Amino acid sequence: MRAVFMPCSASDLIGPALARRLSCGAVIGSANAVLADEAATLRVLADRGIVHLPTPLVNAGAVIVDSIEYYAPAAFRTADPEHVYAFVTSTVRESVARLLAEADTAEAPATPTALLRPPPEPGYCGPRFARSFPAELPHRPPGEPASDAARTPPSP
């Protein structure tokens with residue numbers, strides 16, 4: 001098993017020169033904009049077989065929980081934290097799998113933002129969480145008007 005490099009404090013840390021010297025199997029950073037000269041660095045990482053997971057995906061958990069709290073407040077208030085955690089974990093896991101599958105089939109490395117596609121089930125995570133929530137607990141079913149302080153997502 002190869003190591004994972006997890007830069008967590010400096011933007012523009014990894015450029016093509018450093019990418020050529022890395023001896024890890026993946027770069028998974030939680031700092032913003034970990035890659036300097038993103039396109040060139042991604043090419044070097046791809047040529048060396050080093051996986052890169054972009055910051056927005058790595059840090060998605062907090063945004064997903066915020067979406068649940070904002071767009072499905074009744075479900076959020078009554079949810080067991082383990083249910084929320086499982087939903088966040090599965091959402092991020094599915095996104096990583098899609099990203100890696102698309103990266104494997106791409107002929108040339110793409111920027112992380114080009115690889116991040118909308119999920120198969122469109123929409124904000126909060127309403128998707130509410131739809132996954134047990135029926136006996138209060139939540140807003142899909143397609144029903146917002147109520148109980150649930151908010152309607154803005155139009156894209």
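Predicted model: local features only at pLDDT ≥ 70, side-chain atom pairs only at ≥ 80, totals over all residues.
Three strands line up in the order S1-S2-S3, forming an open sheet with parallel pairing. Strands of a sheet pair through backbone hydrogen bonds, either parallel or antiparallel. Strand S1 (4–5) and strand S3 (51–53) sit at the edges with a single partner strand each, so one side of each has no neighbour in the sheet. Between S2 and S3, the parallel pairing runs over three bridges, and Ile-28 ends up opposite Leu-53 in S3.

Next come the cores. The largest nonpolar core holds 19 residues, and the members that touch the most others are Ile-64, Ile-68, Val-84, Phe-87, Val-92 and Phe-129. At least two residues of this core come from each of strand S2 (26–28), helix H4 (60–71), helix H6 (81–105) and helix H8 (125–132). Looking beyond residues up to four places away in sequence, Ile-64 touches Phe-87, Val-88, Thr-91, Val-92 and Cys-125. Another core, of twelve residues, lies apart from the largest one; its members include Leu-22, Ala-31, Leu-42 and Ile-50.

Then there is Thr-41, which belongs to helix H2 (residues 38–47). Its relative accessibility is 0%, so Thr-41 counts as buried, the cut-off being under 20%. With neighbours within four places in sequence set aside, Thr-41 makes contact with Ile-14, Gly-15, Pro-16, Ala-19, Leu-35 and Ala-36.

Key
Residues numbered from 1 in each chain as written. Heavy atoms only, no water. Core = buried A, V, L, I, M, F, W, Y, C linked by side-chain atoms within 4.5 Å. Buried < 20%, exposed > 50% of the residue type's maximum accessible area, 1.4 Å probe, protein only. Helix = DSSP H or I, 4+ residues; strand = E, 2+ residues; numbered from the N terminus. Contact = heavy atoms within 4.5 Å. Pairing = 2+ DSSP bridges.
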